[in-house]
Amino acid sequence: AVQVPRYYTVKAAVAGVKPPLRFQGGKYGLEVVLQDGTGAMAAEVCDAVMSEMIGFPANEFEELLRQGRRAEFDAHAMRVSQALAALEALLVLEIPPEGGGVPRVVEVIPWLPTHTQALLARVQGVLWGRQ
């Protein structure tokens, strides 16, 4: 039987980063620890999410280093570190089939006031028996 990954959306924050930021073969990789208020878990931030956060793909990042533009590299790395430290959002996690590695963050959805209102309405409905 073919096993397929499952997807879950959770409201979580990055509680920690496990350096280094990897970039090889035109792809980024970064391990993080996610916290959702009930527990913590290790995850990998996928290449597409990292490319969006950094502002360009890994092959361009690698080119900065090849050209000796270390200061630009460091500035981008610092910006991403700061963004991750402040990241609290709805995260779409891809959970691999059994034994397939750690979950991957495949999408980041900014937390908006409408999300808070919807969550509050749902909690009130549960508390007052209106599900």
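The protein chain exposes about 8500 Å², of which carbon and sulfur atoms supply 57%; accessible areas come from the Shrake-Rupley method with a 1.4 Å probe, and for residues only the protein chains shown count as cover. The model is predicted, so that local features need pLDDT of at least 70 and side-chain atom pairs count only at pLDDT 80 or more, while totals for chains, interfaces and linings use all residues. Residues are numbered from 1 along each chain as its sequence is written, and side-chain values use heavy atoms, with hydrogens and water left out.

Of the 131 residues in the protein chain, 29% are buried; buried means under 20% relative accessible area, exposed means over 50%, and partly exposed lies in between (1.4 Å probe, protein chains only).

The secondary structure comprises 4 helices and 5 strands, where helices (H or I, at least four residues) and strands (E, at least two) are DSSP runs numbered from the N terminus. Along the sequence, these elements follow the pattern β-β-β-α-α-α-β-β-α. The radius of gyration of the protein chain is 18 Å, well over the 14 Å that the globule rule gives for 131 residues, so the chain is more spread out than a compact globule. This radius is taken over C-alpha atoms, and the globule rule is 2.2 Å times the number of residues to the power 0.38. Along the principal axes, the C-alpha atoms fill a box of roughly 65 × 40 × 20 Å. Among contacts (heavy atoms within 4.5 Å) between residues at least 6 apart in sequence, 49% join residues at least 24 apart.

The structure holds 3 aromatic pairs. Rings of Phe, Tyr and Trp (its six-membered ring) pair if their centres lie within 6.5 Å; planes under 30 degrees apart count as stacked, over 60 as edge-to-face and the rest as tilted. Phe 23 and Phe 61 form an edge-to-face pair, with 5.2 Å from centre to centre and 85° between the planes. This pair links distant parts of the chain, since Phe 23 lies in strand β1 (residues 6–24) and Phe 61 in helix α2 (residues 58–66), 38 residues apart. Both Phe 23 and Phe 61 are buried, and the relative accessible area of Phe 61 is 0%. The ring centres of Tyr 28 and Phe 61 are 5.6 Å apart and their planes stand at 65°, so this pair is edge-to-face. Tyr 28, in strand β2 (residues 27–35), is 33 residues from Phe 61 in helix α2, and the pair again links distant parts of the chain. Tyr 28 counts as buried at 5% relative accessibility. Ring pairs link Phe 23, Tyr 28, Phe 56 and Phe 61 into a cluster.

Helix α2 also contains Asn 59, which counts as partly exposed at 42% relative accessibility. Leaving aside neighbours within four places in sequence, Asn 59 is in contact with Gly 26 and Arg 66. From C-alpha to C-alpha, Asn 59 and Ala 40 are 31 Å apart in space and 19 residues apart in sequence. Gly 129 and Asn 59 are 54 Å apart by the C-alpha atoms and 70 residues apart in sequence. Gly 129 is found in the segment after α4 (113–127) and counts as exposed at 59% relative accessibility.
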